[in-house]
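I opened the model with two topics in mind.

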Amino acid sequence: MHEVSNRPTAAPSANAAGHAHPVSGVAQVGHFFRHFLEMCVTMCAGGILLNLLVLWTAAQIGYPHLRHQFPEVALLIVAFNYALPMVAWMRFRGMAWRPNLEMAGATFGAWVLLVGGAWLGMLPRSGLGDWWLHFCTLACPLMFVIMLFRLDLYTGRAGHHAHAA
């Protein structure tokens with residue numbers, strides 16, 4: 001025999017399936033671009049400051065021309081310096097590790113494109129050292145493309161906390 005419970009059952013809420021509330025198209029576009037601009041500003045401003053610190057430190061220990069002496073290594077440091085503040089900001093804002101790593105991958109993807117282009121003769125190797133100031137012009141568009149693959153996350157259709165497990 002089955003026992004019948006006299007306990008009341010909770011009525012299903014409108015959000016029981018875990019779906020976010022509908023967001024208008026204009027709000028979704030605004031959310032996407034606000035998130036993109038937050039990441040770019042944080043990445044570029046933080047990265048430039050970290051790069052200046054690295055270049056100053058390198059000069060103090062005997063490598064005043066690090067960017068031109070070891071351009072591939074210098075650009076790898078630049079990629080890391082741009083990723084670090086962006087990842088810190090995204091974690092502060094509650095983003096999960098996977099989207100964080102994808103966005104950080106954009107900076108390392110920019111490094112691969114620049115260094116690969118120089119190694120293949122498409123870019124002058126001597127010019128690699130000058131890319132540290134323009135790194136955002138390559139990394140930000142790469143982040144934009146990556147964001148297009150996760151529209152639900154970056155438009156606010158699926159809250160960014162939904163993936164933060």
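The model is predicted, so I kept to its limits: local features need pLDDT of at least 70, side-chain atom pairs count only at pLDDT 80 or more, and totals for chains, interfaces and linings use all residues. Residues are numbered from 1 along each chain as its sequence is written, and side-chain values use heavy atoms, without hydrogens and water.

**Entry 1: helix α3.** I took helices as DSSP runs of H or I with at least four residues, and strands as E runs of at least two, numbered from the N terminus. Helix α3 covers residues 71-92, 22 residues in total. I checked its span from first C-alpha to last and got 32 Å, close to the 32 Å expected at 1.5 Å a residue. The expected span is 1.5 Å times one less than the number of residues. Just after α3, I found Gly-94 with a positive phi of about 95°.

**Entry 2: salt bridge count.** My rule was a side-chain nitrogen of Lys or Arg within 4 Å of a carboxyl oxygen of Asp or Glu. How many salt bridges does the rule give? I count five.

**Entry 3: Arg-125 and Glu-72.** Their closest N and O atoms are 2.7 Å apart, and I logged a salt bridge. Arg-125 sits in the loop between α4 and α5 and Glu-72 in helix α3, so the pair ties together parts 53 residues apart in sequence. Is Glu-72 buried or exposed? Glu-72 is buried, at 13% relative accessible area. Arg-125 is partly exposed at 43%.

**Entry 4: Asp-130 and Arg-67.** I logged this salt bridge at 4.0 Å between the closest N and O atoms. Asp-130 is in the loop between α4 (97-119) and α5 (136-148), and Arg-67 is in helix α2 (residues 66-69), so the pair links parts 63 residues apart in sequence. Both partners are partly exposed: Asp-130 at 40% and Arg-67 at 22%.

**Entry 5: Glu-102 and Arg-98.** I found their side chains in a salt bridge at 3.3 Å, N to O. The two are four residues apart in helix α4, so about one helical turn separates them. An α-helix has 3.6 residues a turn, so residues three or four places apart point the same way. Glu-102 is partly exposed at 21%, and Arg-98 is exposed at 59%. I then followed shared partners: salt bridges join Arg-98, Glu-102 and Arg-150 into one network.

Technical notes
Buried means under 20% relative accessible area, exposed over 50%, partly exposed in between (1.4 Å probe, protein chains only).
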